[in-house]
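The points below concern its domains, a salt bridge and the packing of helices.

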Amino acid sequence: MSIAPLPPLNTLIAFEATVRLGSFTRAGEELNLTQSAVSRQIAQLEASLGRTLLMRRRHGLELTTAGERYLHQIRHFLEECADATAQVMKNAGENEITLACSSGIAQFWLPLRLTHFRRQHPEIKVNLIMRDGVTRLTSFEFDLGVYYLRQENLINFDTVKLFDEEMFPVCSPHYLAGRPLFTPETLKHETLLVLEDAQHQWIGWPEWFAINGTDSPPLRQTLRVNHYPPLIEMACLGNGVALAWRHIIDSVIASGRLVKASNFSVSKGGGFFLITSQHRHENRATRLFKRWLLEDVAQHPAR
C-alpha cells in the first residue's frame, strides 16, 4: 500500500512549532534550525499542498482557513506519532544504543574507542549515524551524540564537555620535507586545504590567521573539499596543509601519516561534547556507554 500524498515530516513539525510558538525564530530555536530554514520548510509544505497556510502580517503570523483546518489534523497526527514512538522507545532493548557523530569523529576518533567498548561489553548492540552538524539530526534518531559546539547550551539537549578545542595546521612528513615548522606568515605561501562545507561555527583559515595576528592570504593556492575525511586524506598524501583538532587527529599523527605543520594553534572557547536528548528514554546501554566514554576520555585522551 502506498501512503500518498504525504509531505516531508520535518515540514509538518516546522509548521506546528511555528504556529504554537508564534514565530519562525522561536520555532527555529526549539528545532535547532535557523529562522530562514524554518521559513523554507513551511514554504515547501505550502508548495506541496498548493495552499497558503500562514499569512505574514506586520503584527505576526496569521493562519488561513486552510491552515487552521490543516493544523488541527496535523497536530492530532503528530501527537499520535509521538505516543507511538514513546511506546516503541519504552519497549526498545535495554542493550541497544544509537550513536551519532560527524564524519571526522566517526573516522578518526571513535573507531578505536568503539572497539575497546565492544570488547568489554559484547552484549551491547551499537548503531552509528554519521551527520556533519548536530542540527541536521532530530532528537529521536539517536541516544548519544559526539559533536563540536562553540557553546555548550543546546536547546532540548543536555551536554557534557569531553575536551576543549585546539586547532593547528597539519601536513604529511613528505610535504614538510625537513623544512622548519611553518609560522602564520610562511604558511601564506603554502597550498592550504580548505573545508568548503564547514559548519559556520568551525574555525577556518581566515579566522586561524586572524587569531594569530596575521592578515589572511587571498586563498588562491588552495584545494577545496566539502567533506572532512577526504580533506585529511589529501593532507596525508602530501597535497597541502589542513587544519585539524587536537585529540580528533591524534591517531593519524601517531600513525606517522601526519605531523604538525606549525606550533601555532587557536581556540575560540568551543569543544567536543557528549550530547543527549532531554526527551529520549535513557536505557541501560546508553547509561553504560556514557559512563564508559567519560572515563575512557579522562584516562586516554589521545587514544
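1. A salt bridge is a side-chain nitrogen of Lys or Arg within 4 Å of a carboxyl oxygen of Asp or Glu. By that criterion the structure holds 18 salt bridges. In one of them, the side chains of glutamate 16 and arginine 75 meet at 3.4 Å, N to O. Glutamate 16 belongs to helix H1 and arginine 75 to helix H4 (residues 65-91), so the pair ties together parts that are 59 residues apart in sequence. Helices (H or I, at least four residues) are DSSP runs, numbered from the N terminus.

2. The model is predicted: local features need pLDDT of at least 70 and side-chain atom pairs pLDDT 80 or more, while totals for chains, interfaces and linings use all residues. Residues are numbered from 1 along each chain as its sequence is written, and side-chain values use heavy atoms, with hydrogens and water left out.

3. The domain assignment (bounds from an automatic or database source) gives domain 1 (9-89), domain 2 (96-165 + 270-299) and domain 3 (167-260). Between the C-alpha centres of domain 1 and domain 3 there are 42 Å.

4. Helix H1 (residues 9-21) and helix H2 (residues 24-31) have axes that come within 8 Å and cross at roughly 125°. Axes are lines fitted to C-alpha atoms, for helices over the stretch in contact, and angles run from 0 to 180 degrees between N-to-C directions. H1 and H2 are therefore oblique to each other; angles under 35 degrees count as roughly parallel, over 145 as roughly antiparallel, 65 to 115 as roughly perpendicular and the rest as oblique. In H1, Ile13, Ala14, Ala17, Thr18, Arg20 and Leu21 meet Phe24, Arg26, Ala27, Glu30 and Leu31 of H2, where contact means heavy atoms within 4.5 Å.

5. How do H5 and H9 cross? The axes of helix H5 (residues 103-120) and helix H9 (residues 228-236) come within 7 Å and cross at roughly 55°, which makes H5 oblique to H9. Ser103, Gly104, Gln107 and Phe108 of H5 meet Tyr228, Pro229 and Ile232 of H9.

6. H5 also packs against helix H11 (residues 284-299): their axes come within 11 Å and cross at roughly 120°, and H5 is thus oblique to H11. On the H5 side the contact is made by Trp109, Arg113, Leu114, His116, Phe117 and Gln120, and on the H11 side by Leu288, Phe289, Trp292, Leu293, Asp296 and Val297.

Methods: Helices (H or I, at least four residues) and strands (E, at least two) are DSSP runs, numbered from the N terminus.
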